[in-house]
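Please examine the model shown below.

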Amino acid sequence: MRTLSANLFAVLLMCALAGVFYVWSALESRLERQKRSFLASDGGLFHRGLPEDLSTKTFRALLAVPAAQRPAQNLSSQAASAGSPHYHVKGDNKRSARREVTPVDKGIFWSDWLEDLFPVGFTHEHASTWRNKGRRSRVVRLERGCGRISNQLATFADGTKACVRYGINPDQVQGETLTYYFASVLGITNLPPLVLSQLGRHSEQWAAVRTRIDSLQWSEGTVVSLTEWISNLSGVVTPAPLRQESSGLHPLLQGLSNKTTAELVELMQWTDLILLDYLTANFDRLVSNLFSLQWDSRVMERETNNLLKTPRGDLVFIDNEAGLVHGFRVLSMWEKYHSSVLSSVCVFRRRTARRVAELHARRDARQRLLELYRDSEPLSQELGFLSDEHAAVLQERINTLHRHILHCKERYGQL
């Protein structure tokens, strides 16, 4: 009996020791994992487990990778966006090896490493090719699909599509067209290529859809615009730093360095958009949302008018008909909202700010725009150009924007 009791005690003792060993092993394993995590987050040895796409990581995650081992974030290796082979990202990333660890450089400019990731958009070569095609391609179908019913989605003979803008008044087509070319003057390439066409009973381009044109009651001889139709786009909500409850997008914005790479690249595009809309007095985008706040407190949480993005997150500025001509005509109604939106931004792309400074110094915005417009568009004479009064308004807005950039530089430039 004593022997049996002793054996039973020994078995129980061994089970207890095995249990302690199991718990200790699990605890040791957990401590080791926590140690590795701590080393990684503290800038130590982080050799494995880093996802290929850093866009889903916060900006501070870049600090977790030794400089020599940081993978290049050249987004050109990813598939082209927007369901189109012609919306490009930069393929040259020479500075990736010496990327800075801050999103803002010299106080008010987006850092060079972010510029390396900035979407090239619609290149000059692609735009030129598409415009040539848009002028000579036969339209075989017109249907709804480009906003208001007066606009139509056109299908060319080769199956590609374009949005046709038939303005309720000439201001709309003129504003859409001149905004496109003025964006080119600024170096902003987020606008789809555009070409003008003239409706005519004997026009070969429109012959196959003559019955549809008659049913739409489009007038003979009217100049319309065609813009490249981009598939697979989605809506865009105004980022938090640009909403009314925020202090604005400035270098001291809390949490700016914690933004993901994708969020920072999108914010860069928003700064270009805000500058373009201010200069052209386009009220039919962020400004209209700001205006609507007086009766709709959640308007900023919904999609922004006339702004879409590709699956990669690159912004596409569409339907710019309210810019320049009509926007200048009703400027007194919207100016306080334009000024409010502009004052919310104190971080800029260096290239865009440089273009603004040149236009301010030379005071030749009208001449540059006119030359580009006439050289690029055979129907420029038929559609017309800015009046002298509106050209002066454009130059004054350039001067105001330049002063705003200098004010931001004085305030944040020493950071």
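The model is a predicted one, in which local features need pLDDT of at least 70 and side-chain atom pairs count only at pLDDT 80 or more, while totals for chains, interfaces and linings use all residues. Residues are numbered from 1 along each chain as its sequence is written, and side-chain values use heavy atoms, with hydrogens and water left out.

Some terms need their criteria here. Helices (H or I, at least four residues) and strands (E, at least two) are DSSP runs numbered from the N terminus. Two strands are taken to pair if DSSP finds at least two bridges between them. In general, strands of a sheet pair through backbone hydrogen bonds, either parallel or antiparallel.

Within this sheet, β10 and strand β11 (residues 303-309) run antiparallel and are joined by three bridges. Gly-235 stands opposite Leu-308 in β11.

Of the 20 residues of α6, 18 are buried, so the helix is mostly covered, where buried means under 20% relative accessible area, exposed over 50%, and partly exposed in between (1.4 Å probe, protein chains only). After α6 comes Ala-281, whose phi is positive, near 55°.

Strand β9 (residues 223-228) is also mostly covered, with six of its six residues buried. Both of its faces are covered: Val-223, Ser-225 and Thr-227 are buried on one side, and Val-224, Leu-226 and Glu-228 on the other. β9 pairs with β7 in the antiparallel sense over four bridges, and Ser-225 in β9 is the bridge partner of Arg-165. β9 also pairs with β8, again antiparallel, over five bridges; here Leu-194 stands opposite Thr-227 of β9.

Which residues does Trp-206 touch, not counting residues up to four places away in sequence? They are Val-139, Leu-142, Val-164, Ser-197, Gln-198, Leu-199, Ile-213, Val-224 and Leu-226. Trp-206 itself lies in the loop between β8 (194-198) and α5 (210-216), and it counts as buried because its relative accessibility is 0%. Its side chain makes a polar contact of 3.0 Å with the side chain of Ser-197. A polar contact is a pair of N or O atoms within 3.5 Å; within protein, one must be able to donate a hydrogen and the other to accept it, and residues adjacent in sequence count only if both atoms are side-chain atoms. Trp-206 and Arg-141 are 65 residues apart in sequence, yet their C-alpha atoms are 9.3 Å apart in space.

A second polar contact, of 2.8 Å, joins the side chains of Asp-171 and Arg-329. Asp-171 is found in helix α4 (residues 170-186) and is buried, with a relative accessible area of 13%. Leaving aside neighbours within four places in sequence, Asp-171 is in contact with Glu-321, Val-325, His-326 and Arg-329.

Covalent links complete the picture. With a disulfide defined as a pair of cysteine sulfur atoms within 2.5 Å, the count comes to two. One joins Cys-146 to Cys-163, with an S to S distance of 2.1 Å. This pair links distant parts of the chain, 17 residues apart: Cys-146 is in the loop between β5 (139-143) and β6 (152-156), and Cys-163 is in strand β7 (residues 161-165). The torsion about this S-S bond is about -80°, so the disulfide is left-handed. Both Cys-146 and Cys-163 are buried.

Another disulfide joins Cys-346 to Cys-408, with S to S 1.9 Å. Cys-346 lies in the loop between α9 (331-343) and α10 (350-362) and Cys-408 in helix α13 (residues 388-412), so the bond ties together parts that are 62 residues apart in sequence. The torsion about the S-S bond of Cys-346 and Cys-408 is about -75°, so this disulfide is left-handed. Cys-346 is buried at a relative accessible area of 7%, and Cys-408 is buried at 0%.

Note on methods
Contact means heavy atoms within 4.5 Å.
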